[in-house]
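Try each task before you read its solution.

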Amino acid sequence: MELLHGLVLVLVAVGGTAVVFTRDPLAQSMVVSFYGILLGILFFVFRAPDVALSQIVVGAVALPTMILLALAKANQE
Amino acid sequence: MSFTSRRNLFFAGVLGFAALFLWGLRGLPDFGRYEGVYGLTLNKVGVAQTHATNLVAAVAFDYRGFDTLGEEFILFAAVVGVAILLRAHRDEAATDDAKEKEDEGRNVPHTSDPVRVLGLGLIGPTVLLGLYVVVHGHLTPGGGFSGGVVLATAALLVYLAGEYVALRRVSPESLTELAESAGAGSYAVIGVFGLLAGQAFLTNVLPLGTTGHLNSSGTILLINLAVGVEVAGGFSFILAEFLEQTLLVRERV
């Protein structure tokens, strides 16, 4: 295991913790998007570029968008 | 439950988890060591058999194409389910007079100019990237699913750069619905090619072409395209439905 692997693993651990400790849902949707990119980098570094691509499009784009839309709807009511 | 007892429960859980986790870690093979028979075999014969340089695509759309067909229809069913739920809700809202009056007075938030300019500039490159990822699925990482979602984010950019009406114009419901179902259906139809050739369902019976060329790998390329169309259609469709829910835009018929 190289230095890069360890570094990315630590970053993902920090990112995941940051998602949990962000209490405001709006800010959380942004943090989870950033965490999605970190996970994508993790998969890429561990030589799974296919999974990395899916992770980025779903975790960093689609999921936060759905959360934002749901929040917008919830705030209206 | 009091704070102290909850904390004690938490620590008990942490200890139990840590013990099991460490126990499990000790039994893991070393980092980077892989002993899966199928994986090792496919690494040797996969490219020669399917002429696809992206073995992930070869596995997903050829060797276990039938499993992926099932996954494809899970996505299809999920999109249809979301649409049905959201539409029922929308009709309820539409029949409610008081709610309707409230909706008319609602201001759709104004998008700032920098966001609009950036969104507009990104639409072209996003569409191009999405198409690239879809059509090169058998050669490089990516494929129908990732590329399809990238294409759907182009629809999101249209919404950001313009207005909801613009999104409706570039991805009308009839088109996204058609893309979603036609894409899912094509996958099954491609599978029938194998039956027509007297072999098993989803057998790769088309000419495989030259390894590394865009036009190669037979049905893997075709299925990738079908999945790309389905996912792009399905995700834009869900996006439009969600936006409709959120904004409750009244369409002028």
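**Exercise 1. Find the helix that holds Leu75(B), then list its contacts away from its sequence neighbours.**

Step 1: Leu75(B) sits in helix α4 of chain B; helices here (H or I, at least four residues) and strands (E, at least two) are DSSP runs, numbered from the N terminus.
Step 2: Skip the neighbours within four places in sequence, and Leu75(B) is in contact with Glu180(B), Glu230(B), Val231(B) and Phe235(B). Contact here means heavy atoms within 4.5 Å.
Step 3: Now try a distance: from Leu75(B) to Val117(B) it's 42 residues in sequence and 33 Å in space, C-alpha to C-alpha.

A quick note on the source: this is a predicted model, where local features need pLDDT of at least 70 and side-chain atom pairs count only at pLDDT 80 or more, while totals for chains, interfaces and linings use all residues. Residues are numbered from 1 along each chain as its sequence is written, chains are lettered from A and ligands numbered from 1 in the order in which they are written, and side-chain values use heavy atoms, with hydrogens and water left out.

**Exercise 2. Sketch chain A from its elements and its span.**

Step 1: Count the elements: chain A has three helices and zero strands.
Step 2: Read them from the N terminus on and you get α-α-α.
Step 3: For the span, the C-alpha trace of chain A covers about 50 × 25 × 10 Å along its principal axes.

**Exercise 3. Describe how chain B meets chain A.**

Step 1: Start with the residues: 22 from chain B are in contact with 18 from chain A.
Step 2: Next comes area. About 1,700 Å² is buried between chain B and chain A, 75% of it on carbon and sulfur atoms; buried area is the accessible area (1.4 Å probe) that two parts lose on being put together, summed over both.
Step 3: Which elements give two or more residues to chain B's side? They are α7 (144-161) and α10 (219-247) of chain B. The largest share, seven residues, comes from α10(B).
Step 4: Sort that side of chain B by class and you find 14 nonpolar, seven polar and one charged residues. In this scheme Ala, Val, Leu, Ile, Met, Phe, Trp, Tyr, Cys and Pro count as nonpolar, Asp, Glu, Lys and Arg as charged, and the others, Gly among them, as polar.

**Exercise 4. Find the largest cavity and say what lines it.**

Step 1: Search the whole structure, and one cavity of 30 Å³ or more turns up. On a 1 Å grid over the protein atoms alone, a cavity is a set of points where a 1.4 Å probe fits but cannot get out, and lining residues have an atom within 4 Å of a point.
Step 2: About 100 Å³ of space lies in the largest cavity; grid points are joined across faces, edges and corners, and a volume is the space filled by probe spheres set on the points.
Step 3: Its lining includes Val61(A) and Met66(A) from one chain, and Val149(B) and Phe235(B) from the other. At least two lining residues each come from α3 of chain A and from α7 and α10 of chain B.
Step 4: By class, the lining has eight nonpolar, two polar and no charged residues.

Terms used. On a 1 Å grid over the protein atoms alone, a cavity is a set of points where a 1.4 Å probe fits but cannot get out, and a pocket is an open set with protein on both sides within 12 Å along at least five of seven lines; lining residues have an atom within 4 Å of a point.
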